[in-house]
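Happy to walk through this one with you. Let's take the questions one at a time.

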Amino acid sequence: MPPTDSMFLLAENRDHPMHVGGLQLFVPPEGAGPEYVRDMLDAFRQTDNISPLFRKRPGEPVGTRWKSDETIDYDHHVRHSAVPSPGRIRELLQLTSRWHGSLLDRRRPLWEAHVVEGLQDGRIAVYTKVHHAMVDGVSALRLMQRSLSEDPDAQDCLPPWALPARKPSGDKRGFDPMALVRTGAGAAGDIAGLLPAGLKIANQIIREGDITLPRAPKTILNGSIGGARRFAAQSWEIERIQRVAKSSATTLNDVVLAMVSGALRDYLLEQHALPDEPMTAMVPVSLSLRAESAGKDTGTGNATGAIIVNLATDREQGATRLEEISYSSRQAKKILSDLTPTQILAFSALQMLPLALTPIPGFVKYTNPPFNVVVSNVPGPKNDMYFNGSRLDGMYPVSIVTDGLALNITLTSRAGYLDFGLIGCRRSVPHLQRLLTHLETALAELEKAWG
């Protein structure tokens, strides 16, 4: 077993489940009868050509080798569930929270899928989770997308575990903080390039004087966590966010960060826990897109770096927060503009290093966090997608939280919508679902400010 895989198994305990997941909603095709869900479940369980990736389980001693199961107990891995009455999305999210907070059985391949019926609007839900030792969050979303088709009449779609295990292709702007930590170990080997890069970065920080550094104020989101989770999810029309971005001469990601900023501010004010200093977020930077615009070839491999952005939560007005967020983002990207991809990876991993130190007793309690929250945007399908006739109507990422990082916000685009998935420690982030209301309030404020 590679050390990068064993790291997630060895770091896992009851309070720190190390799996990533996703919740998908489907609208059944016209004419679907009462046995439709049962037929879908049977199709999931009768798949013969299961990927080697989904046959893997850890051997003994844990963290040293992988073993492969020849037979798969589908009744264990693919489960049939129903939401309790009255069958609202609220009940579905409660189930998802419970499932995501439980550990996977290490005596079996490390994945589960739950096919859920009983929603009052007639939709079908599928919640899937896979251990981070097997796949990262971005790759997991890619596997799910690859199991779908743009053809509403196609009947040959297979579940993700039936697909061949190959490296996902395409844009990789999605952000996986823990993967970046381990990737940085290899990137940091480029010592010759890092020294002048470090001097350049230090010189710019001194010269500009307004670069957001990896040191954030302590908040209730940045302490130790327990094992129980709370999950919240909602979709927003991309067109609304793009209109604000166009009117304010900012980017879609800037507006998303301004939504998060406004939501966190209102939420922490409710909890009487808003810090006087502005909070910060770790966000992804696409190296491949930057290189393409400059006419360079990035080659293959990791194409994602990370920057820290000032969320300006100390500002009362949403328009002012958006302006400061956009400026902070531009300044952070300016630092990276002349660095090589390897240098960017090493610089990004250095900013993430405190996450690797959180298991040390007392580290989280007595130190300031490098940032307060991760906000990750994973590009998804631009057109309507289907699974054997059922239209995809929601695709919400469910990520990982750790000590010092009790809230994670991941979103993905889908046919005109941005699907937000918020996962948090149930104890450290009380009433997490209130953030959804505050996200809408923040967007409405920005729409009013920018016409």
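Q: How do the residues of the lining of the second largest cavity divide into nonpolar, polar and charged?
A: This is a predicted model, where local features need pLDDT of at least 70, side-chain atom pairs count only at pLDDT 80 or more, and totals for chains, interfaces and linings use all residues. Residues are numbered from 1 along each chain as its sequence is written, and side-chain values use heavy atoms, with hydrogens and water left out. Ala, Val, Leu, Ile, Met, Phe, Trp, Tyr, Cys and Pro count as nonpolar, Asp, Glu, Lys and Arg as charged, and the others, Gly among them, as polar. On that basis the lining divides into 7 nonpolar, 5 polar and 1 charged.

Q: What volume does the second largest cavity have?
A: A cavity is a set of points on a 1 Å grid over the protein atoms alone where a 1.4 Å probe fits but cannot get out, and its lining residues have an atom within 4 Å of a point. Grid points are joined across faces, edges and corners, and a volume is the space filled by probe spheres set on the points. For the second largest cavity this gives about 90 Å³.

Q: Which helices each supply at least two residues of its lining?
A: Helices here are DSSP runs (H or I, at least four residues), numbered from the N terminus. Among the lining residues closest to the centre of the second largest cavity are Thr 358 and Val 364. The helices asked for are H12 (341-356) and H13 (363-366).

Q: Is Arg 321 buried or exposed?
A: The side chains of Arg 321 and Glu 445 meet in a salt bridge (3.4 Å, N to O), that is, a side-chain nitrogen of Lys or Arg within 4 Å of a carboxyl oxygen of Asp or Glu. Arg 321 lies in helix H11 (residues 318-336) and Glu 445 in helix H14, so the pair ties together parts that are 124 residues apart in sequence. Buried means under 20% relative accessible area, exposed over 50%, and partly exposed in between (1.4 Å probe, protein chains only). Because its relative accessibility is 4%, Arg 321 counts as buried.

Q: Which residue does the side chain of Glu 440 meet in a salt bridge?
A: Glu 440 sits in helix H14 (residues 434-449), and its partner, 200 residues apart, is in helix H8 (residues 238-248). Glu 440 counts as partly exposed because its relative accessibility is 27%. At 3.1 Å, N to O, the partner is Arg 240.

Notes:
On a 1 Å grid over the protein atoms alone, a cavity is a set of points where a 1.4 Å probe fits but cannot get out, and a pocket is an open set with protein on both sides within 12 Å along at least five of seven lines; lining residues have an atom within 4 Å of a point.
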